[in-house]
Amino acid sequence: MQARKICMIGDFAVGKTSLVQRYVRNQFSDIYQATIGVKIDTKELLLPSGDPVKLVLWDIAGTDELTTVGQNYLKGAAGYLLVVDGTRLGTFGTAISLQKETERLLGRVPFTLMLNKLDLGPQWELNADEVKALQLRGWQLTHCSARKGNGVEQAFQSLGERMVLGVRP
Amino acid sequence: MNFAIKTLRDYVVQRYFKDARTFYLLVDPNLKVVSWEGSGQLYGLGELHAGDDLGDTLSFLTGLDQEGSPFTRLSFVETASGASAHVHVAYLKSGWGLVYMDATQDRDDLQRHQQKANERALTNLRHESVLREAQRSQQVLQERVEQLKQVNRSCTGFIEQIAFELRTPLMSLLDSAKQARAIGLVACENEALHKHLRSVDRGSNYLITLVDNLLDQSRIEKGQLYMNPCNWHLQEILECLDEIFVPVVESRDLSLSWWVDAAVPEVLFIDGMRLRQVLFNLIGNAVKYTLDGSITVAIEWRENRLHIAITDTGIGMDKATLDRLFQPFRQGTGPSAGLRTGPSAGLRTGNGSVRLGAGLGLYISREIARAMGGEIEIDSRLSQGTKVILAIDAPPYQAGAEAGATSLPDSCILVRDDDESVFF
(Lines give C-alpha, C1' and ligand atoms only; values in the text may rest on other atoms or scores of the structure.)
Protein backbone atom coordinates (compact mmCIF):
# COMPACT_ATOMS: atom_id res chain seq x y z
CA MET A 1 0.00 0.00 0.00
CA GLN A 2 1.33 3.39 -0.83
CA ALA A 3 1.84 5.87 2.02
CA ARG A 4 1.89 9.64 2.19
CA LYS A 5 3.16 11.90 4.93
CA ILE A 6 0.97 14.83 6.06
CA CYS A 7 2.16 17.45 8.55
CA MET A 8 -0.14 19.38 10.86
CA ILE A 9 1.20 22.93 11.13
CA GLY A 10 -0.03 25.94 13.05
CA ASP A 11 0.25 28.12 16.13
CA PHE A 12 -0.08 26.62 19.61
CA ALA A 13 -3.53 25.54 20.84
CA VAL A 14 -5.24 25.88 17.45
CA GLY A 15 -6.44 22.26 17.63
CA LYS A 16 -3.95 20.25 15.54
CA THR A 17 -3.88 17.32 17.98
CA SER A 18 -7.66 17.46 18.38
CA LEU A 19 -8.17 17.32 14.61
CA VAL A 20 -5.94 14.25 14.33
CA GLN A 21 -7.71 12.64 17.29
CA ARG A 22 -11.08 13.37 15.71
CA TYR A 23 -9.98 12.02 12.31
CA VAL A 24 -8.10 8.92 13.47
CA ARG A 25 -10.06 7.89 16.58
CA ASN A 26 -13.22 9.98 16.30
CA GLN A 27 -12.53 11.32 19.78
CA PHE A 28 -12.35 14.78 21.32
CA SER A 29 -11.13 16.06 24.67
CA ASP A 30 -11.71 19.51 26.12
CA ILE A 31 -8.49 19.26 28.11
CA TYR A 32 -5.69 21.15 26.42
CA GLN A 33 -2.32 19.37 26.39
CA ALA A 34 0.58 21.16 24.74
CA THR A 35 2.39 18.89 22.27
CA ILE A 36 6.16 18.59 22.57
CA GLY A 37 8.04 17.41 19.50
CA VAL A 38 5.89 15.28 17.30
CA LYS A 39 3.19 12.64 17.60
CA ILE A 40 2.75 10.30 14.68
CA ASP A 41 -0.48 8.53 13.74
CA THR A 42 -1.64 6.68 10.69
CA LYS A 43 -4.97 6.22 9.00
CA GLU A 44 -5.97 4.41 5.87
CA LEU A 45 -7.75 6.40 3.24
CA LEU A 46 -9.77 5.05 0.32
CA LEU A 47 -9.35 6.86 -2.95
CA PRO A 48 -12.34 7.28 -5.31
CA SER A 49 -10.80 4.47 -7.34
CA GLY A 50 -11.10 2.18 -4.31
CA ASP A 51 -7.34 1.98 -3.79
CA PRO A 52 -6.20 2.41 -0.19
CA VAL A 53 -3.54 4.94 0.88
CA LYS A 54 -1.90 5.05 4.27
CA LEU A 55 -1.75 8.60 5.59
CA VAL A 56 1.08 9.16 8.06
CA LEU A 57 0.02 12.13 10.14
CA TRP A 58 2.71 14.19 11.85
CA ASP A 59 1.16 16.25 14.61
CA ILE A 60 3.89 18.82 15.18
CA ALA A 61 4.17 21.03 18.26
CA GLY A 62 2.57 24.43 17.74
CA THR A 63 4.85 27.18 16.62
CA ASP A 64 4.76 30.55 14.95
CA GLU A 65 7.95 29.93 12.99
CA LEU A 66 9.83 26.90 11.75
CA THR A 67 13.04 26.21 13.65
CA THR A 68 15.68 23.82 12.39
CA VAL A 69 14.04 21.10 14.46
CA GLY A 70 10.68 21.91 12.95
CA GLN A 71 12.13 21.84 9.47
CA ASN A 72 13.32 18.26 10.04
CA TYR A 73 9.77 17.23 10.84
CA LEU A 74 8.60 18.50 7.45
CA LYS A 75 11.11 16.48 5.51
CA GLY A 76 9.39 14.17 3.05
CA ALA A 77 5.89 15.51 3.58
CA ALA A 78 3.60 15.10 0.59
CA GLY A 79 1.12 17.63 1.90
CA TYR A 80 0.24 19.63 4.96
CA LEU A 81 -2.68 21.03 6.87
CA LEU A 82 -2.36 24.58 8.12
CA VAL A 83 -4.56 24.97 11.17
CA VAL A 84 -6.05 28.27 12.37
CA ASP A 85 -8.07 28.96 15.50
CA GLY A 86 -10.96 31.03 14.16
CA THR A 87 -11.37 32.72 17.53
CA ARG A 88 -7.77 34.03 17.55
CA LEU A 89 -6.97 36.38 14.73
CA GLY A 90 -3.23 36.08 15.38
CA THR A 91 -3.22 32.41 14.40
CA PHE A 92 -4.43 33.34 10.90
CA GLY A 93 -1.37 35.51 10.32
CA THR A 94 0.85 32.78 11.75
CA ALA A 95 -0.60 30.26 9.30
CA ILE A 96 0.09 32.52 6.34
CA SER A 97 3.66 33.03 7.51
CA LEU A 98 4.17 29.30 8.12
CA GLN A 99 2.81 28.49 4.67
CA LYS A 100 5.49 30.63 3.05
CA GLU A 101 8.25 28.91 5.02
CA THR A 102 6.82 25.47 4.35
CA GLU A 103 6.53 26.10 0.63
CA ARG A 104 10.14 27.25 0.60
CA LEU A 105 11.18 23.96 2.20
CA LEU A 106 8.84 21.50 0.49
CA GLY A 107 8.05 23.21 -2.77
CA ARG A 108 4.48 23.44 -4.06
CA VAL A 109 2.86 20.46 -2.41
CA PRO A 110 -0.89 20.29 -1.69
CA PHE A 111 -2.11 21.88 1.50
CA THR A 112 -5.39 22.90 3.11
CA LEU A 113 -6.09 25.77 5.46
CA MET A 114 -8.32 24.49 8.24
CA LEU A 115 -10.28 27.21 10.04
CA ASN A 116 -10.94 25.33 13.24
CA LYS A 117 -13.26 25.90 16.23
CA LEU A 118 -16.29 26.60 14.05
CA ASP A 119 -18.42 25.64 17.07
CA LEU A 120 -17.27 28.86 18.77
CA GLY A 121 -18.89 30.98 16.06
CA PRO A 122 -19.90 33.95 18.25
CA GLN A 123 -16.25 34.44 19.24
CA TRP A 124 -15.04 34.24 15.65
CA GLU A 125 -12.41 36.89 14.94
CA LEU A 126 -11.41 36.15 11.36
CA ASN A 127 -12.04 38.73 8.71
CA ALA A 128 -14.24 37.23 5.99
CA ASP A 129 -12.62 39.40 3.30
CA GLU A 130 -9.13 38.19 4.17
CA VAL A 131 -10.30 34.58 4.07
CA LYS A 132 -11.95 35.16 0.70
CA ALA A 133 -8.77 36.75 -0.62
CA LEU A 134 -6.87 33.54 0.13
CA GLN A 135 -9.51 31.50 -1.66
CA LEU A 136 -9.15 33.75 -4.68
CA ARG A 137 -5.41 33.00 -4.60
CA GLY A 138 -6.30 29.33 -5.00
CA TRP A 139 -5.92 28.23 -1.39
CA GLN A 140 -8.01 25.26 -0.34
CA LEU A 141 -9.94 26.27 2.76
CA THR A 142 -12.25 24.42 5.05
CA HIS A 143 -14.20 25.53 8.09
CA CYS A 144 -14.18 22.78 10.65
CA SER A 145 -14.72 21.87 14.28
CA ALA A 146 -12.66 19.19 15.98
CA ARG A 147 -15.17 19.30 18.83
CA LYS A 148 -18.22 18.63 16.65
CA GLY A 149 -16.41 16.83 13.85
CA ASN A 150 -17.71 19.12 11.08
CA GLY A 151 -15.46 19.29 8.02
CA VAL A 152 -12.65 17.19 9.51
CA GLU A 153 -13.01 13.97 7.51
CA GLN A 154 -13.58 15.91 4.30
CA ALA A 155 -10.42 17.97 4.77
CA PHE A 156 -8.18 14.92 5.22
CA GLN A 157 -9.92 13.04 2.40
CA SER A 158 -9.59 15.95 0.01
CA LEU A 159 -5.93 16.54 0.82
CA GLY A 160 -5.16 12.81 0.57
CA GLU A 161 -6.73 12.61 -2.87
CA ARG A 162 -4.93 15.71 -4.08
CA MET A 163 -1.60 14.35 -2.84
CA VAL A 164 -2.03 10.99 -4.54
CA LEU A 165 -3.71 12.13 -7.72
CA GLY A 166 -1.28 14.97 -8.15
CA VAL A 167 -3.79 17.77 -8.67
CA ARG A 168 -2.66 21.33 -8.15
CA PRO A 169 -1.59 22.27 -4.63
CA MET B 1 44.90 10.43 29.71
CA ASN B 2 44.43 13.69 31.49
CA PHE B 3 42.20 13.16 34.53
CA ALA B 4 39.95 16.07 33.71
CA ILE B 5 39.43 14.91 30.14
CA LYS B 6 38.66 11.40 31.39
CA THR B 7 36.13 12.75 33.86
CA LEU B 8 34.51 14.79 31.13
CA ARG B 9 34.42 11.83 28.78
CA ASP B 10 32.87 9.59 31.44
CA TYR B 11 30.24 12.22 32.16
CA VAL B 12 29.29 12.51 28.48
CA VAL B 13 29.14 8.75 28.01
CA GLN B 14 27.06 8.36 31.14
CA ARG B 15 24.75 11.30 30.38
CA TYR B 16 24.19 10.82 26.70
CA PHE B 17 24.64 7.11 26.07
CA LYS B 18 24.17 4.94 29.15
CA ASP B 19 21.39 7.08 30.71
CA ALA B 20 19.94 7.67 27.28
CA ARG B 21 19.05 3.99 26.96
CA THR B 22 20.32 4.09 23.44
CA PHE B 23 18.84 1.54 21.09
CA TYR B 24 20.27 0.77 17.66
CA LEU B 25 18.15 -0.80 14.95
CA LEU B 26 18.87 -1.84 11.39
CA VAL B 27 15.99 -2.68 9.02
CA ASP B 28 15.93 -3.53 5.32
CA PRO B 29 14.18 -1.37 2.68
CA ASN B 30 10.92 -3.25 3.43
CA LEU B 31 11.25 -2.30 7.13
CA LYS B 32 12.03 -5.87 8.18
CA VAL B 33 14.39 -6.25 11.14
CA VAL B 34 17.98 -7.02 10.21
CA SER B 35 19.76 -6.47 13.52
CA TRP B 36 19.68 -4.41 16.73
CA GLU B 37 21.65 -3.55 19.83
CA GLY B 38 20.33 -2.57 23.23
CA SER B 39 16.78 -2.84 24.53
CA GLY B 40 13.98 -1.40 22.44
CA GLN B 41 11.40 -2.17 25.13
CA LEU B 42 11.08 1.49 26.14
CA TYR B 43 10.25 2.48 22.57
CA GLY B 44 7.73 -0.30 21.93
CA LEU B 45 10.32 -2.36 20.13
CA GLY B 46 10.89 -5.24 22.59
CA GLU B 47 11.00 -8.94 21.75
CA LEU B 48 12.46 -8.39 18.30
CA HIS B 49 13.40 -11.14 15.90
CA ALA B 50 15.27 -10.90 12.65
CA GLY B 51 12.81 -10.56 9.78
CA ASP B 52 10.03 -9.01 11.93
CA ASP B 53 7.94 -6.56 9.88
CA LEU B 54 8.04 -3.10 11.51
CA GLY B 55 6.06 -1.39 8.74
CA ASP B 56 3.44 0.00 11.14
CA THR B 57 5.85 1.01 13.91
CA LEU B 58 8.27 2.69 11.56
CA SER B 59 5.68 4.36 9.35
CA PHE B 60 7.24 7.68 10.25
CA LEU B 61 10.08 6.81 7.84
CA THR B 62 7.64 7.60 4.99
CA GLY B 63 9.16 10.29 2.82
CA LEU B 64 12.56 10.27 4.52
CA ASP B 65 14.13 8.09 1.82
CA GLN B 66 15.81 11.01 0.16
CA GLU B 67 19.27 10.26 -1.19
CA GLY B 68 20.30 13.90 -1.13
CA SER B 69 20.02 14.10 2.64
CA PRO B 70 20.29 10.59 4.08
CA PHE B 71 20.64 11.65 7.73
CA THR B 72 17.77 13.07 9.72
CA ARG B 73 17.54 13.88 13.40
CA LEU B 74 14.03 13.90 14.81
CA SER B 75 13.65 15.36 18.29
CA PHE B 76 11.02 14.31 20.79
CA VAL B 77 9.26 11.69 18.71
CA GLU B 78 6.45 10.05 20.65
CA THR B 79 6.89 6.31 20.22
CA ALA B 80 4.30 3.54 20.26
CA SER B 81 4.84 2.99 24.00
CA GLY B 82 4.23 6.64 24.80
CA ALA B 83 7.89 7.27 25.60
CA SER B 84 9.62 10.11 23.82
CA ALA B 85 12.86 9.65 21.91
CA HIS B 86 15.34 11.59 19.88
CA VAL B 87 15.55 9.44 16.77
CA HIS B 88 18.51 9.57 14.40
CA VAL B 89 17.65 8.14 11.01
CA ALA B 90 20.14 7.12 8.33
CA TYR B 91 18.81 6.16 4.92
CA LEU B 92 21.16 3.52 3.52
CA LYS B 93 21.04 1.73 0.19
CA SER B 94 20.70 -1.50 2.12
CA GLY B 95 17.89 -0.22 4.30
CA TRP B 96 17.56 2.08 7.34
CA GLY B 97 19.67 2.61 10.40
CA LEU B 98 17.96 4.08 13.46
CA VAL B 99 19.28 5.22 16.81
CA TYR B 100 16.80 5.86 19.61
CA MET B 101 17.79 7.94 22.63
CA ASP B 102 15.39 8.37 25.52
CA ALA B 103 13.96 11.89 25.86
CA THR B 104 10.95 11.05 28.00
CA GLN B 105 12.06 12.94 31.08
CA ASP B 106 13.12 15.96 29.07
CA ARG B 107 9.84 15.84 27.13
CA ASP B 108 7.82 15.72 30.35
CA ASP B 109 9.76 18.63 31.88
CA LEU B 110 9.44 20.63 28.73
CA GLN B 111 5.75 19.78 28.44
CA ARG B 112 5.06 21.15 31.91
CA HIS B 113 6.83 24.40 31.14
CA GLN B 114 5.27 24.74 27.70
CA GLN B 115 1.83 23.94 29.07
CA LYS B 116 2.10 26.73 31.62
CA ALA B 117 3.44 29.18 29.07
CA ASN B 118 0.72 28.38 26.55
CA GLU B 119 -2.05 28.54 29.14
CA ARG B 120 -0.74 31.88 30.34
CA ALA B 121 -0.65 33.16 26.78
CA LEU B 122 -4.21 31.93 26.19
CA THR B 123 -5.38 33.61 29.38
CA ASN B 124 -3.75 36.86 28.30
CA LEU B 125 -5.41 36.59 24.90
CA ARG B 126 -8.77 36.00 26.54
CA HIS B 127 -8.25 39.03 28.78
CA GLU B 128 -7.29 41.14 25.79
CA SER B 129 -10.37 39.93 23.97
CA VAL B 130 -12.63 40.75 26.93
CA LEU B 131 -10.97 44.15 27.21
CA ARG B 132 -11.49 44.85 23.51
CA GLU B 133 -15.12 43.78 23.82
CA ALA B 134 -15.57 46.01 26.87
CA GLN B 135 -14.03 48.94 24.99
CA ARG B 136 -16.33 48.31 22.04
CA SER B 137 -19.35 48.15 24.36
CA GLN B 138 -18.24 51.31 26.10
CA GLN B 139 -17.96 53.07 22.76
CA VAL B 140 -21.42 51.91 21.72
CA LEU B 141 -22.82 53.02 25.06
CA GLN B 142 -21.09 56.36 24.74
CA GLU B 143 -22.66 56.85 21.33
CA ARG B 144 -26.07 55.93 22.72
CA VAL B 145 -25.59 58.33 25.61
CA GLU B 146 -24.73 61.11 23.16
CA GLN B 147 -27.81 60.27 21.09
CA LEU B 148 -29.99 60.31 24.21
CA LYS B 149 -28.46 63.58 25.33
CA GLN B 150 -29.29 65.04 21.94
CA VAL B 151 -32.86 63.78 22.22
CA ASN B 152 -33.05 65.16 25.76
CA ARG B 153 -31.77 68.53 24.55
CA SER B 154 -34.42 68.56 21.85
CA CYS B 155 -37.12 67.66 24.38
CA THR B 156 -35.90 70.31 26.81
CA GLY B 157 -35.92 72.88 24.04
CA PHE B 158 -39.42 71.88 23.04
CA ILE B 159 -40.71 72.01 26.61
CA GLU B 160 -39.07 75.37 27.12
CA GLN B 161 -40.67 76.73 23.97
CA ILE B 162 -44.10 75.46 24.97
CA ALA B 163 -43.67 76.81 28.49
CA PHE B 164 -42.77 80.23 27.15
CA GLU B 165 -45.80 80.16 24.85
CA LEU B 166 -48.09 79.18 27.75
CA ARG B 167 -46.76 81.63 30.28
CA THR B 168 -47.84 84.82 28.58
CA PRO B 169 -51.55 84.00 28.10
CA LEU B 170 -51.63 82.42 31.57
CA MET B 171 -50.35 85.59 33.18
CA SER B 172 -52.89 87.50 31.18
CA LEU B 173 -55.63 85.15 32.37
CA LEU B 174 -54.56 85.51 36.00
CA ASP B 175 -54.51 89.27 35.77
CA SER B 176 -57.90 89.34 34.07
CA ALA B 177 -59.34 87.13 36.79
CA LYS B 178 -57.98 89.44 39.50
CA GLN B 179 -59.38 92.49 37.77
CA ALA B 180 -62.74 90.81 37.20
CA ARG B 181 -62.88 89.84 40.88
CA ALA B 182 -62.01 93.38 41.93
CA ILE B 183 -64.77 94.76 39.70
CA GLY B 184 -67.16 92.02 40.76
CA LEU B 185 -66.64 92.78 44.46
CA VAL B 186 -68.00 96.21 43.84
CA ALA B 187 -70.57 95.53 41.16
CA CYS B 188 -71.85 92.14 42.10
CA GLU B 189 -72.55 90.32 45.32
CA ASN B 190 -73.19 87.02 43.67
CA GLU B 191 -71.13 84.55 45.77
CA ALA B 192 -71.15 81.97 42.98
CA LEU B 193 -69.38 84.42 40.66
CA HIS B 194 -66.71 85.12 43.29
CA LYS B 195 -66.24 81.38 43.80
CA HIS B 196 -65.73 80.86 40.07
CA LEU B 197 -63.26 83.73 39.89
CA ARG B 198 -61.30 82.38 42.85
CA SER B 199 -61.19 79.01 41.12
CA VAL B 200 -59.82 80.66 37.96
CA ASP B 201 -57.30 82.47 40.16
CA ARG B 202 -56.10 79.29 41.86
CA GLY B 203 -55.96 77.34 38.61
CA SER B 204 -54.00 80.05 36.84
CA ASN B 205 -51.54 80.32 39.73
CA TYR B 206 -51.06 76.60 39.70
CA LEU B 207 -50.44 76.53 35.94
CA ILE B 208 -48.01 79.43 36.10
CA THR B 209 -46.04 77.68 38.84
CA LEU B 210 -45.93 74.55 36.72
CA VAL B 211 -44.74 76.50 33.69
CA ASP B 212 -42.12 78.32 35.78
CA ASN B 213 -40.87 74.99 37.13
CA LEU B 214 -40.57 73.65 33.59
CA LEU B 215 -38.60 76.70 32.58
CA ASP B 216 -36.33 76.31 35.62
CA GLN B 217 -35.85 72.64 34.84
CA SER B 218 -34.89 73.59 31.29
CA ARG B 219 -32.36 76.14 32.61
CA ILE B 220 -30.90 73.50 34.92
CA GLU B 221 -30.59 71.02 32.03
CA LYS B 222 -28.76 73.61 29.97
CA GLY B 223 -26.57 74.68 32.89
CA GLN B 224 -28.08 78.15 32.71
CA LEU B 225 -29.53 78.45 36.21
CA TYR B 226 -27.91 81.73 37.21
CA MET B 227 -28.35 83.55 40.49
CA ASN B 228 -28.78 87.30 40.78
CA PRO B 229 -27.60 88.12 44.28
CA CYS B 230 -28.21 91.57 45.70
CA ASN B 231 -29.06 93.06 49.08
CA TRP B 232 -32.30 91.63 50.48
CA HIS B 233 -34.10 92.12 53.74
CA LEU B 234 -34.64 88.59 54.98
CA GLN B 235 -37.62 89.76 57.02
CA GLU B 236 -39.45 90.76 53.81
CA ILE B 237 -39.05 87.28 52.41
CA LEU B 238 -40.26 85.65 55.60
CA GLU B 239 -43.26 87.96 55.91
CA CYS B 240 -44.24 87.25 52.34
CA LEU B 241 -44.14 83.51 53.02
CA ASP B 242 -46.02 83.91 56.27
CA GLU B 243 -48.80 85.75 54.44
CA ILE B 244 -49.06 82.91 51.95
CA PHE B 245 -49.10 80.04 54.42
CA VAL B 246 -50.92 81.40 57.45
CA PRO B 247 -54.39 81.21 55.84
CA VAL B 248 -53.73 77.59 54.90
CA VAL B 249 -52.40 76.70 58.34
CA GLU B 250 -55.25 78.41 60.15
CA SER B 251 -57.80 76.50 58.10
CA ARG B 252 -56.38 73.29 59.57
CA ASP B 253 -55.30 72.16 63.01
CA LEU B 254 -51.75 73.37 62.40
CA SER B 255 -49.31 75.94 63.76
CA LEU B 256 -46.56 77.63 61.80
CA SER B 257 -43.87 79.33 63.90
CA TRP B 258 -40.74 81.22 62.92
CA TRP B 259 -37.56 81.49 64.95
CA VAL B 260 -34.82 83.79 63.73
CA ASP B 261 -31.52 83.87 65.61
CA ALA B 262 -30.35 87.26 66.75
CA ALA B 263 -27.09 86.83 64.85
CA VAL B 264 -28.84 86.77 61.48
CA PRO B 265 -28.00 90.03 59.66
CA GLU B 266 -30.93 92.17 58.68
CA VAL B 267 -29.76 92.48 55.09
CA LEU B 268 -28.11 89.66 53.20
CA PHE B 269 -26.41 89.56 49.81
CA ILE B 270 -28.50 86.77 48.22
CA ASP B 271 -30.91 86.08 45.38
CA GLY B 272 -34.01 86.76 47.46
CA MET B 273 -36.46 85.67 44.76
CA ARG B 274 -34.82 82.30 44.48
CA LEU B 275 -34.56 81.88 48.26
CA ARG B 276 -38.26 82.65 48.52
CA GLN B 277 -38.96 80.08 45.78
CA VAL B 278 -37.01 77.38 47.63
CA LEU B 279 -38.59 78.17 51.01
CA PHE B 280 -42.03 78.24 49.41
CA ASN B 281 -41.39 74.71 48.16
CA LEU B 282 -39.98 73.38 51.41
CA ILE B 283 -42.55 74.98 53.73
CA GLY B 284 -45.29 74.10 51.27
CA ASN B 285 -44.28 70.47 51.49
CA ALA B 286 -44.33 70.59 55.28
CA VAL B 287 -47.81 72.13 55.24
CA LYS B 288 -49.08 69.65 52.68
CA TYR B 289 -47.85 66.56 54.51
CA THR B 290 -48.59 67.62 58.08
CA LEU B 291 -52.21 66.90 58.85
CA ASP B 292 -52.01 68.24 62.40
CA GLY B 293 -49.33 69.40 64.81
CA SER B 294 -46.71 72.03 64.10
CA ILE B 295 -44.27 73.39 61.56
CA THR B 296 -41.24 75.31 62.79
CA VAL B 297 -38.90 77.35 60.66
CA ALA B 298 -35.62 78.08 62.48
CA ILE B 299 -33.04 80.39 60.92
CA GLU B 300 -29.40 80.76 61.94
CA TRP B 301 -26.42 82.50 60.38
CA ARG B 302 -22.87 81.22 60.81
CA GLU B 303 -19.70 82.00 58.89
CA ASN B 304 -21.49 83.84 56.10
CA ARG B 305 -23.95 81.01 55.62
CA LEU B 306 -27.65 80.89 56.25
CA HIS B 307 -28.96 77.71 57.87
CA ILE B 308 -32.72 77.24 57.68
CA ALA B 309 -34.31 74.22 59.34
CA ILE B 310 -37.95 73.38 58.60
CA THR B 311 -39.28 70.83 61.05
CA ASP B 312 -42.73 69.31 60.85
CA THR B 313 -44.68 66.71 62.78
CA GLY B 314 -46.14 65.26 59.59
CA ILE B 315 -46.33 61.80 58.12
CA GLY B 316 -42.61 61.55 57.34
CA MET B 317 -41.04 59.28 54.74
CA ASP B 318 -39.40 55.90 54.52
CA LYS B 319 -35.86 55.42 53.18
CA ALA B 320 -36.98 54.34 49.71
CA THR B 321 -38.96 57.54 49.33
CA LEU B 322 -36.04 59.61 50.62
CA ASP B 323 -33.71 58.00 48.08
CA ARG B 324 -35.81 59.09 45.11
CA LEU B 325 -36.94 62.37 46.54
CA PHE B 326 -34.77 64.63 44.41
CA GLN B 327 -35.30 62.89 41.10
CA PRO B 328 -37.02 65.14 38.56
CA PHE B 329 -40.46 64.16 37.25
CA ARG B 330 -40.93 61.64 40.06
CA GLN B 331 -44.50 61.87 41.19
CA GLY B 332 -45.81 60.53 44.43
CA THR B 333 -49.25 59.21 45.07
CA GLY B 334 -50.21 61.64 47.75
CA PRO B 335 -49.71 61.70 51.49
CA SER B 336 -50.32 58.02 51.95
CA ALA B 337 -47.21 57.23 49.95
CA GLY B 338 -45.25 59.82 51.84
CA LEU B 339 -43.65 61.09 48.65
CA ARG B 340 -43.07 64.78 48.35
CA THR B 341 -42.62 66.53 45.10
CA GLY B 342 -43.10 70.12 46.13
CA PRO B 343 -46.21 72.13 46.91
CA SER B 344 -46.42 73.37 43.36
CA ALA B 345 -46.62 69.83 42.13
CA GLY B 346 -50.15 69.30 43.20
CA LEU B 347 -53.49 70.84 43.93
CA ARG B 348 -55.69 69.63 46.70
CA THR B 349 -58.96 68.59 45.15
CA GLY B 350 -62.39 68.85 46.64
CA ASN B 351 -62.30 65.41 48.23
CA GLY B 352 -59.01 66.16 49.99
CA SER B 353 -56.74 64.00 47.87
CA VAL B 354 -53.70 65.48 46.20
CA ARG B 355 -53.56 65.92 42.46
CA LEU B 356 -49.89 65.77 41.54
CA GLY B 357 -48.11 67.89 38.98
CA ALA B 358 -44.76 67.65 37.22
CA GLY B 359 -42.78 66.57 40.30
CA LEU B 360 -40.07 69.17 39.92
CA GLY B 361 -40.31 71.20 43.13
CA LEU B 362 -37.68 69.54 45.29
CA TYR B 363 -35.39 68.85 42.36
CA ILE B 364 -35.40 72.52 41.36
CA SER B 365 -35.08 73.62 45.00
CA ARG B 366 -31.96 71.52 45.44
CA GLU B 367 -30.45 72.81 42.20
CA ILE B 368 -31.13 76.37 43.27
CA ALA B 369 -29.58 75.65 46.68
CA ARG B 370 -26.50 74.28 44.93
CA ALA B 371 -26.34 77.30 42.65
CA MET B 372 -26.34 79.39 45.84
CA GLY B 373 -23.33 77.43 47.08
CA GLY B 374 -25.41 75.29 49.37
CA GLU B 375 -27.33 72.07 49.75
CA ILE B 376 -30.57 70.63 51.04
CA GLU B 377 -30.51 67.77 53.52
CA ILE B 378 -33.54 65.86 54.63
CA ASP B 379 -33.94 63.70 57.70
CA SER B 380 -37.21 61.86 57.99
CA ARG B 381 -38.83 58.75 59.36
CA LEU B 382 -42.21 57.39 58.49
CA SER B 383 -44.88 58.69 60.93
CA GLN B 384 -42.23 60.64 62.86
CA GLY B 385 -42.07 63.90 60.95
CA THR B 386 -39.46 65.47 58.74
CA LYS B 387 -36.61 67.91 59.18
CA VAL B 388 -35.30 69.74 56.12
CA ILE B 389 -32.12 71.78 56.39
CA LEU B 390 -31.29 74.35 53.76
CA ALA B 391 -27.81 75.85 53.95
CA ILE B 392 -26.65 78.51 51.47
CA ASP B 393 -23.95 81.13 51.12
CA ALA B 394 -25.33 84.41 52.43
CA PRO B 395 -22.80 87.16 53.04
CA PRO B 396 -24.10 90.26 54.82
CA TYR B 397 -25.04 93.58 53.20
CA GLN B 398 -22.75 94.76 50.43
CA ALA B 399 -22.62 98.41 49.60
CA GLY B 400 -23.71 99.33 46.08
CA ALA B 401 -25.81 96.23 45.55
CA GLU B 402 -29.34 97.31 46.33
CA ALA B 403 -32.24 94.93 45.86
CA GLY B 404 -33.19 94.57 42.23
CA ALA B 405 -30.44 96.91 41.12
CA THR B 406 -28.10 94.21 39.99
CA SER B 407 -30.69 92.11 38.26
CA LEU B 408 -32.26 94.79 36.12
CA PRO B 409 -30.63 96.40 33.11
CA ASP B 410 -30.41 100.16 32.89
CA SER B 411 -32.58 100.25 29.77
CA CYS B 412 -36.25 99.22 29.32
CA ILE B 413 -37.85 96.92 26.75
CA LEU B 414 -40.90 98.08 24.86
CA VAL B 415 -43.28 95.23 24.09
CA ARG B 416 -45.88 95.67 21.34
CA ASP B 417 -48.44 93.17 20.22
CA ASP B 418 -51.74 93.31 18.32
CA ASP B 419 -53.31 90.97 20.86
CA GLU B 420 -54.17 92.98 23.97
CA SER B 421 -54.29 89.80 26.04
CA VAL B 422 -50.48 89.70 26.17
CA PHE B 423 -50.39 92.89 28.27
CA PHE B 424 -50.61 92.25 31.95
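A residue counts as buried if 20 or more other C-beta atoms lie within 10 Å of its own, as exposed if 12 or fewer do, and as partly exposed in between, with C-beta atoms placed from the backbone. Keep that in mind for Gln66(B), which is exposed because it has 11 other C-beta atoms within 10 Å. This is a predicted model, in which local features need pLDDT of at least 70, side-chain atom pairs count only at pLDDT 80 or more, and totals for chains, interfaces and linings use all residues. Residues are numbered from 1 along each chain as its sequence is written, while chains are lettered from A and ligands numbered from 1 in the order in which they are written.

**Where the chains meet**
- Contact (C-beta atoms, placed from the backbone, within 7 Å) links 21 residues of chain A with 22 residues of chain B.
- On the chain A side, β1 (2-10), β2 (38-46), β3 (52-60) and α2 (68-74) each give two or more residues.
- Helices (H or I, at least four residues) and strands (E, at least two) are DSSP runs, numbered from the N terminus.
- The most comes from β2(A), with four residues.

**Strands side by side**
- β2(A) pairs with β3(B), residues 71-78, in the parallel sense over two bridges; pairing takes at least two bridges found by DSSP.
- Look for Val38(A), whose bridge partner in β3(B) is Val77(B).

**A closer look at Gln66(B)**
- You will find Gln66(B) in the loop between β2 (33-37) and β3 of chain B.
- Leaving out residues up to four places away in sequence, Gln66(B) touches Gly76(A) and Tyr91(B).
- Gln66(B) and Leu92(B) are 26 residues apart in sequence, and their C-alpha atoms are 9.8 Å apart in space.

Definitions and conventions
Contact = placed C-beta atoms within 7 Å.
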